[in-house]
Amino acid sequence: MTVEECHGLAERAMQELMRQINQAPFGEMNEATLQHYLALNLHLDSLQANRPNINMALEKKVKRTEGNFPKKNSKTASIDIFLQQDDETKYAIELKCFHKANQREPNGRYEAYADLANLEVYLDEHADAGIFILVTDHPHYYDVNFRPHSAKTSDFSLREGHRYEAGRILSYKTVKLHGADLTLRKSYDFNWRKQDHAWKGLVVRVDKLS
């Protein structure tokens, strides 16, 4: 598969996932459950006529040759979903699910950016492209009219229409830090799906620097 075919596959699987959870949310709406159903949608899509079969792994362990992955400042990481067709394009997917009831804000926003940072590093050695997916029912993440972010954590906005500019340093300025500063290599626009449904989805493609 080409990179664009992988992106298309991931987008279709995400669209089906959003349809499923907005029609009848799964009993356990957590990342592990969504990871399972997203992987199932990827597999079923690949079985359609004239589409290539894929090899897929969940929680694929990877290791850096030099340096550390930014998310946990570690030499090792786990890719949520990794897929490949034979020896062709390698593709990485990172998935997040944030419940309004869990009240993990603003730490969830930091973790979303940390996943994006890891995805960029996967492209050095382990993948040719990837995608970040966030599913949530909390307007804190997507609604520009929801209460403003604190100045201490406003660097980590994911809201509709926000744009991150490549190279900008993101700092978490609380007394108790949730993680180190982060810097992404590329610019990203944040556009949400299913605006008229309870569960919203954010999809961010991650490609190598051209």
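The largest pocket in this predicted model has a volume of about 250 Å³. A pocket here is an open set of points on a 1 Å grid over the protein atoms alone, where a 1.4 Å probe fits, with protein on both sides within 12 Å along at least five of seven lines, and its lining residues have an atom within 4 Å of a point. Of the 14 residues that line the largest pocket, Lys-71, Lys-72, Ala-77, Ser-78 and Asn-118 are the closest to its centre. Two or more lining residues come from each of β2 (76-84), β3 (90-98) and α3 (107-125), and β2 gives the largest share, four residues. Such helices (H or I, at least four residues) and strands (E, at least two) are DSSP runs, numbered from the N terminus.

Residues are numbered from 1 along each chain as its sequence is written. Because the model is predicted, local features need pLDDT of at least 70 and side-chain atom pairs count only at pLDDT 80 or more, while totals for chains, interfaces and linings use all residues, and side-chain values use heavy atoms, with hydrogens and water left out.

Turning to charged pairs, a search of the whole structure finds 17 salt bridges, each being a side-chain nitrogen of Lys or Arg within 4 Å of a carboxyl oxygen of Asp or Glu. Side chains of opposite charge can pair when their charged atoms come close. One of these bridges joins Arg-205 and Glu-4, whose closest N and O atoms are 3.2 Å apart. This pair links distant parts of the chain, since Arg-205 is in strand β10 (residues 200-207) and Glu-4 in helix α1 (residues 3-23), 201 residues apart.

How exposed are such residues? Relative accessible area gives the words: buried means under 20%, exposed over 50%, and partly exposed in between (1.4 Å probe, protein chains only). Arg-205 has a relative accessible area of 34%, so this residue is partly exposed, whereas Glu-4, at 52%, counts as exposed.

Another bridge joins Asp-124 and Arg-64, with the closest N and O atoms 3.3 Å apart; Asp-124 lies in helix α3 and Arg-64 in the loop between β1 (55-63) and β2, 60 residues apart. Asp-124 counts as partly exposed because its relative accessibility is 40%, while Arg-64 is buried because its value is 15%.

Arg-104 also forms a salt bridge, with Glu-111, at 2.7 Å between the closest N and O atoms. Finally, salt bridges that share partners join Glu-4, Glu-11, Arg-193 and Arg-205 into one network.

Terms used
Grid points are joined across faces, edges and corners, and a volume is the space filled by probe spheres set on the points.
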